[in-house]
Amino acid sequence: VSDPRPIGVFDSGVGGLTVLREILRRSPFESTIYLGDNARAPYGVRSDDEVRRFSIQALDALVRRNVKALVVACNTSTSVALGDFRRRYDLPVLGVVRPGAAAAALATRNRRVGVIATPATVRSRAYFNAIKDENPAIEVYEHATPTLVPLVEAGILSGPEVEEAVRVAVAPLLGERNEDGEFIFPLPPSARIDTLLLGCTHYPLLTGILRYSVGDSVAIVDSATATASSLAELLSVNALEAPGTTRGTAADAGKAGHEAPAEVVIVPTHLQLTTGDVELFRAVAERMFGEAFPDVQPVELKAGLL
Ligand code: DGL
């Protein structure tokens, strides 16, 4: 049994491409439709109600395109409204918080994990609860870092501006001192985190700078790899995997009057939709995937009956 329909992947903007990249590595036969609501990003500084409404508009648009499963590649949407999505859709819906929390819980040795995320994600306490679920002995230090997403959305992934923003964003988790020599909330160096969880899918695009800022003794963990593994398992359990083999094409298999060849290659297709600037989106996507995914199209989201 197999299912050639695409997987729908959603984020407020380009951040979810970091999850898409891992999905493609892990499940290369799968087709995907990615939707970035770039015109309304960032979500992380919006109210829960807005995050929920905008996310549902985007997910509805993916469901209308006949996807077989939904990946909410946005921590903010996952944290605020994953339960609502699961009630609304008959499809399997995967979020990024639980996979990220599990990865961080496995990575820490001293049981001190720092989480950087958007204000809405931190407010929800989703990561705190999910990491505690994995191991109640882990101390979780969450810190909202609202300056980073707008830089990534603008395509600014390197240079002094983003270096300074990252340094300021992680400083409170590293036990640094302020000008008066006092430790910045909340950690003295003796109680340093050994693991930093990137609780926003935009942040892995800044991994090089983050690595420089936190030093070599802190493990940097994100949700992308763990989410891609969870998705592969979800597809397998639900018998939703794409057919992937060696000869012929999907079109050959479907032609009237022709027997389907014994082995059929379904060439996966990848479509990327954005509510924002197509060229800006393509520029970031190209940095991540090279020329491989040229198909970026504009999309409008309808308000719907919400
Ligand atoms: N990439 C999203 C996340 O993982 C949201 C960023 C935003 O729009 O604020 O939280």
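This is a predicted model: local features need pLDDT of at least 70, side-chain atom pairs count only at pLDDT 80 or more; totals for chains, interfaces and linings use all residues.
Residues are numbered from 1 along each chain as its sequence is written. Local features need pLDDT of at least 70 and side-chain atom pairs count only at pLDDT 80 or more, while totals for chains, interfaces and linings use all residues; side-chain values use heavy atoms, without hydrogens and water.

We can start with the sheet. Helices (H or I, at least four residues) and strands (E, at least two) are DSSP runs, numbered from the N terminus, and two strands pair if DSSP finds at least two bridges between them. Six strands form an open sheet with parallel pairing, in the order E4-E3-E1-E2-E9-E10. Strand E4 (93-94) and strand E10 (296-298) are at the edges with a single partner strand each, so one side of each has no neighbour in the sheet. Five bridges join strand E2 (residues 32-36) to strand E9 (residues 270-274) in the parallel sense, and Leu35 has Leu273 as its bridge partner in E9. Helix H2 packs on this sheet, where it touches strand E1 (7-11), E2 and strand E3 (69-72), and its direction makes about 160° with that of E1. Contact here means heavy atoms within 4.5 Å; axes are lines fitted to C-alpha atoms, for helices over the stretch in contact, and angles run from 0 to 180 degrees between N-to-C directions.

Next come the helix pairs. H2 (residues 48-64) packs against H3 (residues 75-88) at about 55°, with the axes 9 Å apart. That makes H2 oblique to H3 (angles under 35 degrees count as roughly parallel, over 145 as roughly antiparallel, 65 to 115 as roughly perpendicular and the rest as oblique). Residues of H2 in this contact include Val51, Ile56 and Leu59, which meet a set in H3 that includes Val80, Ala81 and Phe85. For H4 (residues 97-107) and H6 (residues 126-134), the angle is about 50° and the axes are 9 Å apart. H4 is therefore oblique to H6.

Finally, some backbone details stand out. Most residues other than glycine have a negative phi, and most peptide bonds are trans. The bond from Ala41 to Pro42 is cis, with omega near 0°, and Pro42 lies in the loop between E2 and H2. Arg111, not a glycine, has a positive phi of about 60° and sits in the loop between H4 and strand E5 (112-117). Ala239 likewise has a positive phi, of about 50°, in the loop between helix H10 (224-237) and helix H11 (250-254).
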